[in-house]
Amino acid sequence: MTQQSIATSDKLDASVLKVAGVVVIGAIMSILDVTVVGVALPTFQREFDATYAEVAWTMTAYTLALATVIPLSGWAADRFGTKRLYMIALALFTIGSGLCATADTLNQLIGYRVLQGLGGGMLMPLGMTIMTRAAGPHRIGRLMAVLGIPMLLGPIGGPILGGWLIDIASWHWIFLINLPIGVAALGYAALALPKDSPEPSESFDFLGMLMLSPGLALFLYGVSSLPETGTFADTRVWAPMLVGGVLLVAFVIYSFRPRHPLLDLRLFANRNLTIASVSLFVFIIAFMGAGLLFPSYFLQIRGESTLTAGLLMAPQGIGAMVTMPVAGMLADRMPVGRTVPFALALIALGFFTFTQIDPETSYLLLCGSLFVMGLGMGGTMMPIMTSALKTLTAHEVARGSTLVNILQQIGGSVGAALMSVILTNELNGSRQIPGVTDPNGEPVTEAGLAIAVQQQPELAQQFPVDPSLLQRGLDFAASSFATTFWVGFVLVLCTFIPVAFLPRRREPSHLLDDQQGGEPKVPVVIH
C-alpha cells in the first residue's frame, strides 16, 4: 500500500473509478429493489391471498429498516472502517434477498425484507462517504454525478425489470437476481476499496440510539399508515407519529450534550450543509412523492401494462443521463447556486404538463415533458448533495452523508404518503353507482370501476353499465391525478425558496484538514 497526494488533477483516474464502480453496484441493488417490489404487489396479493394494505408492508418494512439503521452508519463507519462495514452491508442485503425468495408466507417475506433493509440502509450513506474520501474536494461533483445515475434510473428500471421477470418467470426472481450481483459486488469491494483506517476512540451513543432509531421508525410507521386509513384521526396514524415525534424532539435536545452523538446535529452550523439539506428535503417531498404517481397514471388511466408503463417513464432517465455528467463537472468548477435554479426551472416546466392531464393526453407531450424533467433532475439532486458535503472535513463526511440520507428517507416517505392520501381522497369523491357493489359488498364508484375496467377489460362484461358512465368515471379519475400533481407542482415551486440561498460564490473545501505547504493535499490510499 502506498499513499499518494493528489492536488490538482480533475480527471477521475482508474483508482477512483474502481471505487465508484463498487458504490454504484451497491446503490443499484438497494434502489432498484424498492421499485421492483412495487411492481410485484398485485402478484403478492394473489399469491398470499392478502389485501393491498397487507402486501404494502413488504415495502414499508424495508423503508422502516432503512430509517432505523441509517443513523448508525456514521458512528459505525468511523469505528469499524468503511470498507469492512460496506461489505457487511452488502452481505446482509444479499442474504436477505436470498431469504425473500424462499418465503412461503407474507409474514416471512416481510421479516426477510427487514433484514434486507438493514443492509440496504447502510449502502447509500457509506457509499457517499467512500466516494467523497476517494475523489477529493475538487472532484466531488463528478463522483456525485456517477452515484446519481442509479438514484435516477432505479425508479425507471425497476418497473421494467420487475414486470419482465414476473412475466417470464415468477416473483421469486426479483429477489434471486440480487444473489449473483451481490456475490460479485462483495468480491469487487474486497479488491477495489482502500484499506480501512478505523478510529476506535469514539464511544457509542446508546442513549441517542434508543431515542433516534425507534423515533424514526415509529414516525415513518404512522406516516406510512396514512394512505391505508385516509385520515390523521386514526390511532394507527397519530399515535406512532406522536410517540415518534416526541422521541425525535427529545433526541434533538439531547444530541448537543454528548461529545460524540449518534447524529451530529452540530454539523448544521455549516451554512452550506443546512441550506443544501433543506433544499433537498423540500425537493424530495415534492418530486419523489408525485413521481411515484407517474407510472400509476399510465397503468390506471391509460390501461397500460406494467412493462409499458416502465418504458414510458424511460425518457426521464435519458434526460438525466444527458445533463448529469455536465452538472457534475460544473459543480466542481462553479457554485451550485448559479446552476441549480436553472435545472429546477426545467423540472417545473415539465411538471406543469401533468397538472393538465386527461384520459387522452398525447404520449408525445407526456414523454417530452418527462425528458425535460429528467434534464432538470440531472442538474439538481446531485449538485445539491455535492454542496452539502463539499465543505466538510474528512472526519465529518460520514456523519454529514448520514444526515443527508436520513432527510432523504423522511422526505421520500412523507412525500409518498402525502400524494397517496390526496389522490385517494380525490378518487373517493367520485359518485357511487346505484346497485353495484364489489365482492366485499362495498359500493363501487364510477372512477373506481373505470380504473378497474382499464386494467381488466373483461370486467366490463361483469358490470354491464352505460359506456358514458365509464367515460365519466375515467375523466374524474384523470382529474384526480391532475389535482394531485398540482400539489406536487406547487411544492416544486416552493423548492426555489431554499435553493435561492445556495452558495453563489466559490468557497474553499475543507474535506481534509491537512495542509502541506500552500495547496491542500488530498491523500488517497491506492493499492
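Is I318 buried, partly exposed or exposed? In this predicted model, I318 has a relative accessibility of 44% and therefore counts as partly exposed; the legends below take up this residue and several other places in the chain.

**View 1. The nonpolar surface patch around I318.** I318 lies in helix α14, which spans residues 314-333. Together with M321, V322 and F371, I318 forms a nonpolar patch on the surface, and the accessible area of these residues together is about 340 Å². Helix α14 gives the most to this patch, contributing three residues.

View 2. F351 is found in helix α15, which covers residues 340-354. With a relative accessible area of 0%, under the 20% limit, F351 is buried. When its neighbours within four places in sequence are left aside, F351 is in contact with A286, F287, A290, F294, M373, F485, G488, F489 and V492.

**View 3. A239 in helix α10.** A239 is found in helix α10, made up of residues 235-254. A239 and L218 are separated by 21 residues in sequence and by 8.8 Å in space, counted from C-alpha to C-alpha.

**View 4. The cysteines C367 and C494.** C367 is buried, with a relative accessible area of 18%, whereas C494, at 33% relative accessibility, counts as partly exposed. With sulfur atoms required to be within 2.5 Å of each other, the count of disulfides in the model comes to zero.

**View 5. Confidence along the chain.** The chain has a mean pLDDT of 78, and 83% of its residues reach 70 or more. Confidence is highest in helix α15, at a mean of 93, and lowest in strand β4 (residues 522-526), where the mean is 30. Over residues 1-9 the pLDDT is below 50, and this stretch has 27 contacts in the model beyond near neighbours in sequence. Over residues 511-527 the pLDDT likewise stays under 50, and here the model has 51 contacts beyond four places in sequence. Where pLDDT is low, the predicted coordinates should not be read in detail.

Technical notes
Residues numbered from 1 in each chain as written. Predicted model: local features only at pLDDT ≥ 70, side-chain atom pairs only at ≥ 80, totals over all residues. Heavy atoms only, no water. Helix = DSSP H or I, 4+ residues; strand = E, 2+ residues; numbered from the N terminus. Buried < 20%, exposed > 50% of the residue type's maximum accessible area, 1.4 Å probe, protein only. Contact = heavy atoms within 4.5 Å. pLDDT = per-residue confidence, 0-100. Patch = residues over 30% accessible without salt bridge, like charges linked within 9 Å, V, L, I, M, F, W, Y side chains within 5 Å. Areas by Shrake-Rupley, 256 points an atom, 1.4 Å probe, with all protein chains shown as cover. Salt bridge = Lys/Arg side-chain N within 4 Å of Asp/Glu carboxyl O.
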